[in-house]
Amino acid sequence: MLFFFPVSPLCLLTLPSLRKKQKWDPPVSSLDLPTPLFVIFLSFLSAFLCVKRMALDGIRMPDGCYADGTWELKMHVTDLNRDVSLRVTGEIHIGGVMLKLVEKLDVKKDWSDHALWWEKKKTWLLKTHWTLDKYGIQADARLLFTPQHKLLRLQLPNMKHMKVKVNFSDRVFKAVSDICKTFNIRHPEELSLLRKPRDPKKKKKKLEEAEVDLAMEGPLLTPGSASEVIYIGPVKGSIYSSPGLYSKTMTPTYDSRDGSPLSPTSAWFGDSPLSEGNPGILAVSQPISTPDTLVKLYKHQSLLDKAKINQGWLDSSRSLMEQDVKENEVLLLRFKYHSFFDLNPKYDAIRVNQLYEQAKWAILLEEIECTEEEMMMFAALQYHINKLSIMSSDNHLNNSEKEVDEVDAALSDLEITLEGGKTSNTLGDITAIPELADYVKVFKPKKLTLKGYKQYWCTFKDITICCYKSKEESHGTPAHQMNLRGCEVTPDVNISGQKFNIKLLIPVADGMNEIWLRCDTEKQYAHWMAACRLASKGKTMADSSYNLEVQNILSFLKMQHMNPDPQFIEPITTDINPECLVSPRYLKKYKNKQPGFIRDLISARILEAHQNVAQMSLIEAKMRFIQAWQSLPEFGITHFLAKFQGGKKDELIGITYNRLIRMDAHSGDAIKTWRFSNMKQWNVNWEIKMVTVEFADEPSLSFICAEVDCKVVHEFIGGYIFLSTRAKDQNESLDEEMFYKLTSGWV
């Protein structure tokens, strides 16, 4: 009987010596074996190891690994809803794992968009050259093999919902940039994603019922340089190319006078469905169809409610998956930072319209306070915009009067841009700093006192107001002197009552001093209000924006006048629908009246105010609406609940584009203000959620964030600092790394 043993390569190395030697060499020691016996020994050893390896294969050790050093990696393939296990070692890299997985699945499919997601650690394994050991992945890990691009339902500022394919592995900042590029919205750094707020008073309903979805029979968009657009309508599965490119130097695609889309719109949307039939669907405002829409939407009741809503802002430096965003989840795309840079109607028709829509809904849902006269002005502008939007849609193709020579239009725009508009200033004005001097009523409130204004001769020079008892004493020592740098300026105006007040909160060592100024006329109020606003930022009336600020204030007041010539007032028609133009709070004022009487009364007031804006073009009306929104006292303040160092109760920290405000949680009154221009640095203690801000010539500010991650507050501060570095001479690319350094805290 013959026995065959596997011979190892080591044994074969001894064969030449066997052929050469004819007789055995004497053993050197007792451990030395004769050469033929040594060959037989190695053969047996090799066979033993092979059998042992075969025996150990499949034997698991107590730690979950196999006896041969491999272990099972469990993965779930989401597209196939299938669990798969692979035998791996810690030295295999991520790319190799995905390759082995695809080979084992043996399914013909484009897997290029897929990546591995580690559920337990909530992290994407995107560095394919890293090994499992480097990532720290062991046998107890469970990975998902899933597409990076997933469906997301975005609610735009105009309350429309669009299904968009978004890269769930990108940071939110990058994902929003891609979305805005697809929608042709410039300056995406101003926007971000917000989780949909829940109304605790309402029971949980189905998603379709809970949303007020102004259903858009539109496309499924995939942001990117070559967007995939799949039509949800009749043509299913159609693929289009949507480059989504924009530039400050491109030919305007929207009429600069009325904002209506022009023929070159297809250059923005390419061959996508957005360019078919209604190319300016995102640039056209649609009126609210029924009053029930306002009732269904959640309305904020207090400052604390607003603070809770702001907890929902997503972290811009982390991906959607890392923040537990699910596929098909509804997120709100909103202008997060209220600092709108280079807003140009020629290239920003969509951006202007979405800004207008966000402002409109903020006013209708009472997210921002305004007076009754201001509400009627906003309602008149809405009514005017709705009318022009309908007319623009109906008559756009037949309108040939708007065709103008492109060269003349470009030269005209260049002239306006360079000159900054018409001005009457002479060369001599450059060498002198303007000042104001007039009789103004001044009031400094004290406890248990009524408002008693005293008239002073006041001079306003640089950023300081000096009050004298009379004009003749103006060369002496002032009775009062106020430095307005860093102060809070709040208007208190009633046009019908001829009340033109300015509330000043001037920072002092122990808080804020409250001073009231009362002007006699609109013109006087406009000049003093503009000077106060500039002085609060550390600017004088010599600044180029002073005259523009005065004109904006006068224009804002003019739109609130309610006494035009009666013969030009339109008759009340059924298309005005006043319940959709004013907030519910103003309708409640007339709750004891008949519904028909309320409708006629509010309609008459809206039509009366409409005469002040009736001559505006569509784009001008939207821009005026946005400017009026920016003029409201509460504009741009983002509230968070916080506990200040040394404080005994929860208060509010308000963050705007240029300052931090400590506020009373119930009344909203400002307690103390700190300007970013005076800030040296800010730090975050992530363990106790404390934010500390240091200033040049003031004590440092420290507060603990309550009910919100301090990362959200930190990102708002860093985001506004980042936005303040923008300049028109810069190129359009964003410095993402700088944004992350200012907002992420640990990158």
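## Sheet, cavities and selected residues

Strands β13 (residues 435-443) and β14 (residues 454-461) run antiparallel and are joined by eight bridges. Val-442 has Lys-454 of β14 as its bridge partner. Strands here are DSSP runs of E with at least two residues, helices are runs of H or I with at least four residues, and both are numbered from the N terminus. Two strands pair if DSSP finds at least two bridges between them.

The model is predicted: local features need pLDDT of at least 70, side-chain atom pairs count only at pLDDT 80 or more, and totals for chains, interfaces and linings use all residues. Residues are numbered from 1 along each chain as its sequence is written, and side-chain values use heavy atoms, with hydrogens and water left out.

β13 and β14 belong to an open sheet of seven strands, in the order β16-β15-β14-β13-β19-β18-β17, with antiparallel pairing. Its edge strands, β16 (480-483) and β17, each pair on one side only. On average, neighbouring strands of this sheet are turned by 30° against each other, direction ignored; the axes are lines fitted to C-alpha atoms, and angles run from 0 to 180 degrees between N-to-C directions.

There are two cavities of 30 Å³ or more. A cavity is a set of points on a 1 Å grid over the protein atoms alone where a 1.4 Å probe fits but cannot get out, and lining residues have an atom within 4 Å of a point. Grid points are joined across faces, edges and corners, and a volume is the space filled by probe spheres set on the points. The largest cavity has a volume of about 110 Å³. Its lining includes Glu-374, Tyr-525, Arg-533, Phe-556 and Gln-560. The elements that give two or more residues to this lining are β17 (488-494), α14 (522-536) and α15 (545-558).

Two asparagines have a positive phi and lie in loops, Asn-81 and Asn-184. Most residues other than glycine have a negative phi. Buried means under 20% relative accessible area, exposed over 50%, and partly exposed in between (1.4 Å probe, protein chains only).

The whole structure has zero disulfides, a disulfide being a pair of cysteine sulfur atoms within 2.5 Å. Cys-705 is buried, with a relative accessible area of 6%. Its closest cysteine sulfur, in Cys-710, is 5.2 Å from its own sulfur, too far for a bond. Cys-370 is buried at 9% relative accessibility.

Terms used: On a 1 Å grid over the protein atoms alone, a cavity is a set of points where a 1.4 Å probe fits but cannot get out, and a pocket is an open set with protein on both sides within 12 Å along at least five of seven lines; lining residues have an atom within 4 Å of a point.
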